[in-house]
Structure formats: C-alpha cells, structure tokens
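Subject: A structure for you to look at

Hi there,

Here is the structure I promised to pass on. Have a look at it first, and then read my notes below.

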2 protein chains.
Amino acid sequence: MFHTNPADTIGAVTAACDALTPEEDRLARDIMSRVTDTWSMWVIHVLGEHSPMRFSRIAEQVEGVSQKMLTKTLRQLERDGLVTRRIFMEVPPRVEYALTPTGRELMLKFLPLWLWIVEQLPVFVAARRTYEARLAAE
Amino acid sequence: MFHTNPADTIGAVTAACDALTPEEDRLARDIMSRVTDTWSMWVIHVLGEHSPMRFSRIAEQVEGVSQKMLTKTLRQLERDGLVTRRIFMEVPPRVEYALTPTGRELMLKFLPLWLWIVEQLPVFVAARRTYEARLAAE
C-alpha cells in the first residue's frame, strides 16, 4: 500500500502504528533496526544481484565483513524469513544462500531510500558544514 | 531517481555506491544508520504530521523518549539539515522545530518501508516461529 498523496501516506503509517499492540510495536522496531543495519542491507543487496550464492562468494562481495559477522547476519536474515539457506551434501558440503520473496520485496522498499541518501550526500555535507560553522561562531 | 524495473534499481544503487570515495561511503552509512534510528524516524514522522512544533509537544507525541534523548536526536537532525530550530525571544523563550524540505523528502522515502514492515509483521512472526521450531527439532 503506497499513497501518492504524502499526507495520506503519513496518516496510513500513523494509523498502522497506533493499531499495534506494545509487543507488535517492539517487534516492528526490532525488525526495522535489524534490516537497516549496514551489514544486513549490504548482504540483501548482494543477494538481490545474484541469488543463490555461496558463503565465500558473499564474503568477497561484502567488503570488510568478518566471517563471524557474516555468519551472524545471515542467521538473523534467515530467522526473519528474508534469506534461505540450502545445504548440498557434497564433499565438502556446499551451502547456498538466496533471498526469499519477502527479502526481495524488502530490498525493493529500501533501495530508493539508500539511493536517495547517496544522491543527497553533498546536501548532507553542506548542512553539517553550516552547522559546525554556526556553532564555532557562537 | 527511481526505476520501475527492480534490476535497474539494484544496478543504479550498485553503481552509485561503487562511485563513492571511502569517506563518502562512511558518511552515507553514518547518515543511513542515523536516519533509521527509531527516535529519529519517530521525530521526523511526528514533525511530518505537524510542523512547526515545540519541544514539549514533540516530547508528548514521541512516547517513552527521555528529555536528554530527544534533545540529542533533534540536535543530530538539525546538524544533518533535516530539522530547523527557531527561537522566539519571548518570556519564557519559545523554541520551535520544523522539518526542512530535505527532512520531508526523507520521510517520504522511509514511510513506505516502515508501513511495509508493519503490514508484514504476521509474516515475520511466522518466519521466526518456524525457524525456532526447526532449531528445536534439530
């Protein structure tokens, strides 16, 4: 559900949030903070480009991630139903990860936000500079 | 810039991210984690509904936020050019906060993601239950 009128979108979010029980509210925030975590977003993005993918290949694509952090990230994404993990009984065993349809939908929801932030970087840099200069002048 | 073809959107994000210098990359991640922080999103959402708004009124609307945390959140949003702070020299002084056009644009970018997560809550709950049940059975 997306409304072309901004006020409708704001209202829809307010209504949806107001209808949540405290437990659902906690869960929604937990999922929000999880999916907007840098490593999670990056892994989802990489799997969005090529799925399925082996652990070692994902590790190559997600620059700077440690093996431990990647394992943890993939496990959380699997737990939330965003990624599937498939083991092939070969020697050595092959493990492949892929986005689920929910994971793909999520990716399509956050990519515009991510792209917008990257495009707005000069605006953010200028804003911070102005703010710091004003503080220094006070 | 938003592409209706998912593959184009993924490609555009990849290209945009690849073009970043390491410093820009750090900044983009910093801003992403800042704006997806629960309190920031909530404040932006509240100011999206009514701007300008006084500090005490924002504090009422953003349930559970401490005065200290709200001050910090507003200061960060101001620093990033997402919120303006205006002081009226009355007795006692009145301070009003409002979304900037960039802040409003950001809100419109993340509302669909937030709404989608709220709508998908049953899917996430089911996924976690399945995962826990499978772990328990192993």
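By what turn, and with what shift along the axis, can chain A be laid on chain B? The turn is 180°, the shift along the axis is 0.0 Å, and the RMSD is 0.0 Å. (For this, copies are superposed by least squares on the C-alpha atoms of residues with pLDDT of at least 70 in both.) That is the relation of a two-fold axis. In chain A, the C-alpha nearest this axis belongs to T36(A), at 3.3 Å from it.

Two notes on reading what follows. This is a predicted model, in which local features need pLDDT of at least 70 and side-chain atom pairs count only at pLDDT 80 or more, while totals for chains, interfaces and linings use all residues. Residues are numbered from 1 along each chain as its sequence is written, and chains are lettered from A and ligands numbered from 1 in the order in which they are written.

**Where the chains meet**

In this model, 48 residues of chain A are in contact with 48 residues of chain B; two residues are in contact if their C-beta atoms, placed from the backbone, lie within 7 Å. Helices 1 (6-18), 2 (22-35), 3 (38-49), 5 (67-79), 6 (101-119) and 7 (121-137) of chain A each supply at least two residues of the side that touches chain B. Helices (H or I, at least four residues) and strands (E, at least two) are DSSP runs, numbered from the N terminus. Helix 6 of chain A gives the largest share of that side, with 13 residues. Sorted by class, the side of chain A that touches chain B has 29 nonpolar, 10 polar and 9 charged residues. Here Ala, Val, Leu, Ile, Met, Phe, Trp, Tyr, Cys and Pro count as nonpolar, Asp, Glu, Lys and Arg as charged, and the others, Gly among them, as polar. Because 100% of the interface residues of chain A are also interface residues in chain B, the copies meet through the same surface.

**Inside the structure**

Is helix 3 of chain B largely enclosed or left open by the rest of the structure? It is largely enclosed, because 9 of its 12 residues are buried. (A residue is buried if 20 or more other C-beta atoms lie within 10 Å of its own, exposed if 12 or fewer, and partly exposed in between; C-beta atoms are placed from the backbone.) Among the buried residues of helix 3 of chain B are M41(B), W42(B) and L47(B).

The largest nonpolar core has 56 residues, and W114(A) and W114(B) touch the most other members. Such a core is a set of buried Ala, Val, Leu, Ile, Met, Phe, Trp, Tyr and Cys residues joined through C-beta atoms within 7 Å. Domain 1 (1-31) and domain 2 (36-137) of chain B both give residues to this core, so it lies between them; the domain bounds come from an automatic or database domain assignment. Leaving aside its neighbours within four places in sequence, W114(B) is in contact with V13(A), M32(A) and M41(B).

**Some single residues**

L108(A) is in helix 6 of chain A and counts as partly exposed, with 16 C-beta neighbours inside 10 Å. E63(B), in the loop between helix 4 (55-61) and helix 5 (67-79) of chain B, has 8 such neighbours and counts as exposed.

In the loop between strand 2 and strand 3 of chain A you will find M89(A), which counts as exposed with 6 C-beta neighbours inside 10 Å. P92(A) is in the loop between strand 2 (83-88) and strand 3 (94-99) of chain A. Most peptide bonds are trans. The bond that joins V91(A) and P92(A) is cis, with omega about -5°. In chain B, a cis peptide bond joins V91(B) and P92(B), again with omega about -5°.

Happy exploring!
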